[in-house]
Amino acid sequence: MQNKGAVKLLAITFAAICLYQLTFTFFTTKVEREARNVAQGDPVVERAYLDSMKNVEIYNFVWLKKYTYQDCKEREINLGLDLKGGMNVVLEIAVEDIIRALAAPQYLSDPVFTSSMDAAKIEKRNSTNDFVDLFADAFEEQNPGAQLAQFFMTPESRGDIDFNTSNDEVVEFLKREAEDAIDNSYNVLRNRIDRFGVVQMNIQRLERQGRILVALPGVKEPERVTKLLTGTANLEFWTTYENVDVWSSIEEANQIIADMSSTSETLEDEASQDTEAEVAVLEESEKEDEEMLLDDERILSDTADLSLLDDSGEADLFGEEEAAFMRDNPLFAVMRPYVNNEGQLIPSAVIGVVELSDTAKVNEYLSIPRVRQLFPADLRFAWHFQGMGEETEFIYLYSLKATRNGQPAMDGKYVTDARTTTDQYTGAFEVSMSMNSEGAKRWANLTRENVQKAIAIVLDGVVYSAPNVNEEIKGGSSSISGNFTQNEATDLANILKSGKMPARARVESSEVIGPSLGAKSVKAGFNSFLIAFVVVLLYMVFYYSRRAGLVADLALIANMFFLIGVLASLQAALTLPGIAGIVLTIGMSVDANVLIYDRIREELAAGKGKKAAIKDGYRNAYSAIIDANVTTFLTALILFFFGTGPIKGFATTLVIGILTSLFSAVILTRLVYERYLEKGWKLTFSTKLTENAFQNTKIKFLDKRKIAYVISGILVAASILSLTFRGLNGGVDFTGGRNYVIEFKEDVDVTQVRELLTDGFGEMPTVITFGQKNAVRVTTKYMIEDERPEADSIIKATMFSSLQSLLGDEVGLNEFVSDQEYIVSAHKVGPTIADDIKRSSVWVVLASLAIIFMYILIRFRNWQYGLGALTALVHDVIIVMGIFSLLSGIMPFSLEIDQAFIAAILTVVGYSINDTVVVFDRIREFLGLHRKRERKEIFNLALNGTLSRTFSTSLSTFVVLLTIFIFGGDVIRGFIFALLIGVVVGTYSSLFIATPVVYDTIRKGETTRVLKGVRKS
């Protein structure tokens, strides 16, 4: 071996760097263990201890540099959400908001502008183009030849847009402004998260315009984080109406809704009559015009739970009196007056108190055109920012008063600072704000004009407080109070200090994993890793003798050490699929050792000495090792660049694992054997049980190819039929929707949970057992199109009310929603991002197949080899997908098609091509060595010559995967099941499909032709 000194230096340096990177994890683990011992199970004490250690030096690196606990924490091995718990969110900045903000105010309601915006939003669901381009295309399609510039000529755009500006130039202007706004949003979000105090956060812009990924491992308050991320910090100050001023309108609205409810029953009874009869009924109703009444009836028909107005239903549920009250007073049944103990209205801007579950119904009632006309044109309704009561079940509804142009009396752009303070009398937390000189003047004028009236402080469309003004306030100071906790007050101050978001940030995709589920995943992942690792180590000693086996084991241990060290140095997050990638790397890294050892055994059998056999064994194995690893490496690279979330975590470990396994198996083992030879130690590469294994096998594979074609044809046909008629069980990654993993204190019946949630959602969710019988996973599309920030809270509240009989009376809404003791995992994928995932997944699979085909074509200089490999890969993919289709709903674990399944498919592709390339490489070699032999004999000889390697690699990989499947936990069981099928099918196809296809497609005249580039051994 040449340059042994340089290789040793490289190995020592590499090991030292990895050791240095891993020491940070050692020291942080030590401090955290001390914190747990001090806390004795109290999380508050544990957190306080760790906070006190942040700036304490705990690591002195060879007296050159000192590191604090915070420094070490930032450099330790990152654990992903599935191992540590936390939150992963994909936000999309609403570019349509940016366009509206850039448009001239007088055109915001223009039909041309609004119709173009609506068309662009519809097209956006099925397109990957920028929203600005979609808007411009919609405008051009609806208004050919029209000028876009007029809509965006404002004082702010002067110099960029005028009457002579072309549409293309306007589009470029909008794109530039949108990018600036998105950059600003990114910076605002980063500032907010920095102030939140999350260690090892990851925030990055994604390729698609407006999307930002935020990963926050270890976060235990997902609801709080969501509010922090999605708030636009749009601060406004509104004057208000008192409830006594509008109460008569509310009473009249209640009567109109009651009358309309009875009218809707009449119309429903007469739905089968002709249109003229329906019009006659409409003309008699309240003497309103036909179009408005039809609109009112449509809204009422869409209102949830109108069945409550049915006599018999109400009698059963509430009794006769309650039923009559709800029928005669539908608005007051869901919105209570804000009154004192004597039943008198309390003068306030609060016009009603509503249960959280009834807010949507109140919104529906108050949006009816006939009802809306009862109130002043400048009145705006707004909800309080949080509920009240022991379980925060109720919420206030406020009446705000707009200015003549429909805007608030003052906005928050004048606020220069915000901080958390406490009330000097009550000690309650509040947020104090300071304004600049211009804001101070406006604030003084506003408060002077509204003495003895309430001014509502509104943030992002919800009221935080509405204090009465006792006198003019000078100096520009103000405060927001609202029964805040310290965290809520701190978050609000941080949002205001970080600045206003230029547009809304919508949650397109989110994943929340509780710490308990993360701890279970760590245990399951570690156990599966340890068991699989030991099994492989023992197998290598058993098959290749004690010394040769221990050298291979040394390479495996070194591979793991280097792999973890590189992950730590790159600050790459280690995820559960990542652990699967590591364990799969163990199985696949055996392949290099197996190829080398089998080659050495062949050279020894040919009569060569140990030194020459080792030298030639390594040299002859290089070609197959390189080809096999390059094809897998290319697949892993595609996963890394095009995948997200679990796919990227899997690909990261696989890419690093392939490189470190090559270094360990090819270079380090060679150094060890050089040392063995220098010392003259005895070396053997087989045991008595295995020395004759697969020696002189003469299986006629090609004679059985037609039988294999028939078997494969049946399997492929059955798979295609199942895929056509049964289809695949698409997960939320591909269909959009929400997944929740809910744990109960006792075992539950899945059917009962499904029925209870069906009653609550109004649609049937998918409910399956998740691991133990006290845990279920709920999949639903309920309210998936709802973009309101509070949508998730509404869904969780609905689940709580539906499942309360199973949870028990001692469990409250806050405990169910916030503690992550019951909802241990939540995953949401919006429809738009689901479409993007589907498109990217298809392209990833096609790209991987194309790249592998091109590599085989270039490497072997013959298209038949590429065709054989591609045929085997398509065969494997179809059968794996077909088995998933056939067994979906039958197996006791989930077989959903999600991003992890795509990772599994591409791993199967990589593994299968690995097997196939090794055989092809041996065929290429034998074509050069045995030019006069028959083509069939050469192919059979190559297949038999690689049978030992095929058996060892396939068996070790299968055992590794089976270990993970059994001990690795429910989160990745479906993923590993796909890999198990893939290993079996891939091994079969490399022997009975890929090579026979090459044999049948090569022309007879090419029987003994040596391929270009084949080097004679």
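**Notebook: patches, salt bridges and loops**

**Entry 1: the nonpolar patch**

I began with the nonpolar surface patch, where α34 gives the largest share, 3 residues. The model is predicted, so I kept its limits in mind: local features need pLDDT of at least 70, side-chain atom pairs count only at pLDDT 80 or more, and totals for chains, interfaces and linings use all residues. Residues are numbered from 1 along each chain as its sequence is written, and side-chain values use heavy atoms, with hydrogens and water left out.

I listed the patch members next: Ile-531, Val-535, Leu-962, Ile-966 and Phe-967. Together they make about 370 Å² of nonpolar surface. Both α20 (515-544) and α34 (947-967) supply at least two residues each. I noted the rule for patches: members have over 30% relative accessible area and no salt bridge, like charges are joined within 9 Å, and nonpolar side chains (Val, Leu, Ile, Met, Phe, Trp, Tyr) within 5 Å. The areas come from the Shrake-Rupley method with a 1.4 Å probe, and for residues only the protein chains shown count as cover. Helices (H or I, at least four residues) and strands (E, at least two) are DSSP runs, numbered from the N terminus.

The classes I use are buried (under 20% relative accessible area), exposed (over 50%) and partly exposed in between, with a 1.4 Å probe and protein chains only.

**Entry 2: the negative patch**

Which residues form the negative surface patch? I found Glu-123, Asp-137, Glu-140 and Glu-141. Asp and Glu count as negative, Lys and Arg as positive; His and the chain ends are not counted. Each charge is placed at NZ of Lys, CZ of Arg, CG of Asp or CD of Glu. Helix α7 (residues 131-142) gives the largest share of this patch, 3 residues. Glu-141 is in helix α7. Glu-141 is exposed, at 68% relative accessible area.

**Entry 3: salt bridges**

How many salt bridges does the whole structure hold? My search returned 32. The test is a side-chain nitrogen of Lys or Arg within 4 Å of a carboxyl oxygen of Asp or Glu.

I looked at Glu-76 and Lys-73 in turn. Their side chains form a salt bridge of 2.9 Å, N to O.

I then took Asp-133 and Lys-175, whose closest N and O atoms are 3.0 Å apart in a salt bridge. Asp-133 is in helix α7 and Lys-175 in helix α8 (residues 167-196), so the pair ties together parts that are 42 residues apart in sequence. Asp-133 is partly exposed at 24%. Lys-175 is partly exposed at 21%.

Arg-705 and Asp-1000 were my next pair, a salt bridge with the closest N and O atoms 3.0 Å apart. This pair links distant parts of the chain, 295 residues apart: Arg-705 is in helix α25 (residues 705-725) and Asp-1000 in helix α35 (residues 973-1001). Arg-705 is buried at 14%, whereas Asp-1000 is partly exposed at 37%. I also noted one network, in which salt bridges with shared partners join Arg-599, Glu-602, Arg-922 and Glu-925.

**Entry 4: a serine in a helix**

I stopped at Ser-802, in helix α28 (residues 791-807). Ser-802 is buried, at 12% relative accessibility. What does its side chain reach? I found the backbone oxygen of Thr-798, at 2.8 Å.

**Entry 5: loops**

Most residues other than glycine have a negative phi. I went looking for positive values. Gln-452 has one, about 70°, although it is not a glycine. It is in the loop between α18 (437-449) and β15 (455-459). At 55% relative accessibility, Gln-452 is exposed.

Arg-861 also has a positive phi, near 55°. I placed it in the loop between α30 (831-860) and α31 (863-887). Arg-861 is exposed, at 51% relative accessibility.

Back in the loop between α18 and β15, I checked Ala-454. It is buried, at 8%. Ala-454 and Tyr-241 are 213 residues apart in sequence, yet their C-alpha atoms are 8.3 Å apart in space.

Note on methods
Polar contact = N/O pair within 3.5 Å; in protein donor to acceptor, adjacent residues only side chain to side chain.
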